[in-house]
Amino acid sequence: MPALRAEKICKSFRGLFTKKEVLHEVSLSIEEGEVFGILGPNGAGKTTLMSIFSTLIRPDCGHLEVLGLDALQKTHAVRERINISSGNPNFPWSLTVRENLNHSAMLYGLYGRNLARSVDEAVAAFELEPHVSSKFETLSTGLKQRVSLAKSILNRPKILFLDEPTSGLDPDMAMKTRALIQKIYEEQDITVVLTTHYMPEAEELCDRIAFLREGSLIALGTPGELKRALKIGHRIFVEYEGDLDPVKLRIIPGVMDVRQSPGRVEMVFDHSERAVSRIIKAFAEADILDIGIDQPDLEDVFLELAR
Amino acid sequence: MSWQGELNKFLSATYKNWIISKRNVFTVFELVFWPFIGLLSIGLLTRFLQVTDDMVAFVLVGAIALSILQISQIDVAYILLFDLWSKSIKQTFVAPIRGYHLVLGAMLFGVIRGSAVFLILALASSRFFGFDFLAGGLVTVIVFLAGTFITAASIGMAVCISILLFGQRADVAAWSLSGIMMLVSGVYYPVEILPGPLQLLSKSIPLTYFLEYYRSAYGYGSHQVLLGMGLALLYFAASLLILNLAIERARTTGMMLRLSE
Ligand SMILES: Nc1ncnc2c1ncn2[C@@H]1O[C@H](COP(=O)(O)OP(=O)(O)OP(=O)(O)O)[C@@H](O)[C@H]1O
Ligand SMILES: [Mg+2]
């Protein structure tokens, strides 16, 4: 049973005289225990999709199953079993961190010692001990983000939705937060669905990635599959002196592109491993001055897909 | 879900209102200052006009009711207002919580604050204007307060409903509604002096009946408190139903997201 199955989800937002389609027939399935990333340019519909998945808002059409439950009918049961944390989170400003967590835990029906333990664990998991008595309004962006993450594990959700969990954080804090997410993922039997604009983060955390553009799902797969499908290969460049027959390069297995300029040649291969020795042989009549290999990353995938 | 868990869902709104209230300096103003000023000016006005003791009682009952109504309606409206001001509405509505949890929990706090205001005003009016607030017996006071609290909850819900349907600024509409209600329910005068159509309107407002009921103890004719209570409960049930529909509608229109931005 998949943790989440969405079928042809659509959503439009209506103004007084306008109608804007934000999601168009999005279908996908997320397996239990997976870390699933949703990527896409600004306004692609990621937050809207996460909000529909977490039952905060309703789609106009389509079918949604969360943890085997019909998420458009059994909204209450779904809400008990999931949780969400979003970028730039807000909580009642004049409540302290602990009061906010207590309040959220009450919303989830926790009580007594169980409530206290859940709050303590969440505080410990996101290293909030020194800040429990600070009012929410006095916290920095990073701390607010961590309060929101702490809140999102209070009810021990089976699926955790994280909408840009590291947006607005400095690199150090972002790295820490990623490590904390990783830790929660490993310690608890949980499925994570996250969005991010930071590609190395998606590559580091996600097993599979869905790519949204203008409300449509345009690609889905592991980071490796996406790179291969888009023919985003390894770039190899060679700077040289002497003669070169470019045909020798074009016949190397796995070559996708060759571009030559005086004293320099750039090639794209689907894999770099076996190609390098063949390349070096092709330069038998020349002196190689410099050689370099660029690993493709998700950034390239993003740029390619967002175009 | 165990009964303790269910209870805590109710109490979540009480807890939040309590903390915000105890941390807010305006609480003192809401609870003591404004009600007290209101009572005092009305009481002194009756001295100036040299009205009879019965009339003093009549007017003071109105002033007290108005203060209680205001304080306990805002406690219910705070369900959404606090979250609106802190842009945290989605935190509440992504949790497994229902409209009645929020309303009853917030109402509990409204009842506590409203009762405190009643006590303060009743004691002050007895001290300064010789008003015997127990003239009709304790049961009269309790029924009068209960009716006022239930009516207040409906107004609070109306505020929440208009925010969910029409957005941030819509609460003004709901406050105006409660202003009109006060005008026609005869807070400072018998509804008989209102023009015909407004008199008819006043019959549809529960507060009218609770005021008449409390005043009947001071020799102001008959009352139909059961009808008033029936109306109040009817409005309460209807408001709760509409609130739930408004929550669902806000999930469909995306208002739920816009209010959190
Ligand atoms: N509640 C709403 N009412 C009206 N329009 C909305 C609402 N929420 C989102 N939109 C519009 O829907 C589109 C998609 O928004 P969404 O927030 O889902 O994008 P996103 O992919 O999360 O973008 P970002 O990367 O900037 O966070 C945007 O054009 C936005 O203006
Ligand atoms: Mg977004």
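The structure considered here is a predicted model. In chain A, 11 helices are found together with 14 strands, and the C-alpha trace of this chain spans about 80 × 45 × 40 Å along its principal axes. Of the 307 residues in chain A, 52% are buried. When contacts in chain A between residues at least 6 apart in sequence are considered, 69% of them join residues at least 24 apart.

Ligand 1 is surrounded by 16 residues, the closest being Lys20(A), Lys46(A), Thr48(A), His197(A) and Arg258(B). Because the residues around ligand 1 come from both chain A and chain B, the site is shared between chains. On the side of chain A, a backbone N or O atom of Gly45(A) lies 2.9 Å from an oxygen atom of ligand 1, while a polar side-chain atom of Thr47(A) lies 2.7 Å from an oxygen atom of the ligand. From chain B, an N or O atom in the side chain of Arg258(B) is 2.5 Å from a nitrogen atom of ligand 1. Taken alone, ligand 1 exposes 630 Å², and 74% of that area is buried by the protein.

Note on methods. Residues are numbered from 1 along each chain as its sequence is written. Chains are lettered from A and ligands numbered from 1 in the order in which they are written. This is a predicted model: local features need pLDDT of at least 70, side-chain atom pairs count only at pLDDT 80 or more; totals for chains, interfaces and linings use all residues. Side-chain values use heavy atoms; hydrogens and water are left out. Helices (H or I, at least four residues) and strands (E, at least two) are DSSP runs, numbered from the N terminus. Buried means under 20% relative accessible area, exposed over 50%, partly exposed in between (1.4 Å probe, protein chains only). Contact means heavy atoms within 4.5 Å. A residue is near a molecule or strand if one of its heavy atoms lies within 4 Å of it. A polar contact is a pair of N or O atoms within 3.5 Å; within protein, one must be able to donate a hydrogen and the other to accept it, and residues adjacent in sequence count only if both atoms are side-chain atoms. Accessible areas come from the Shrake-Rupley method with a 1.4 Å probe; for residues, only the protein chains shown count as cover.
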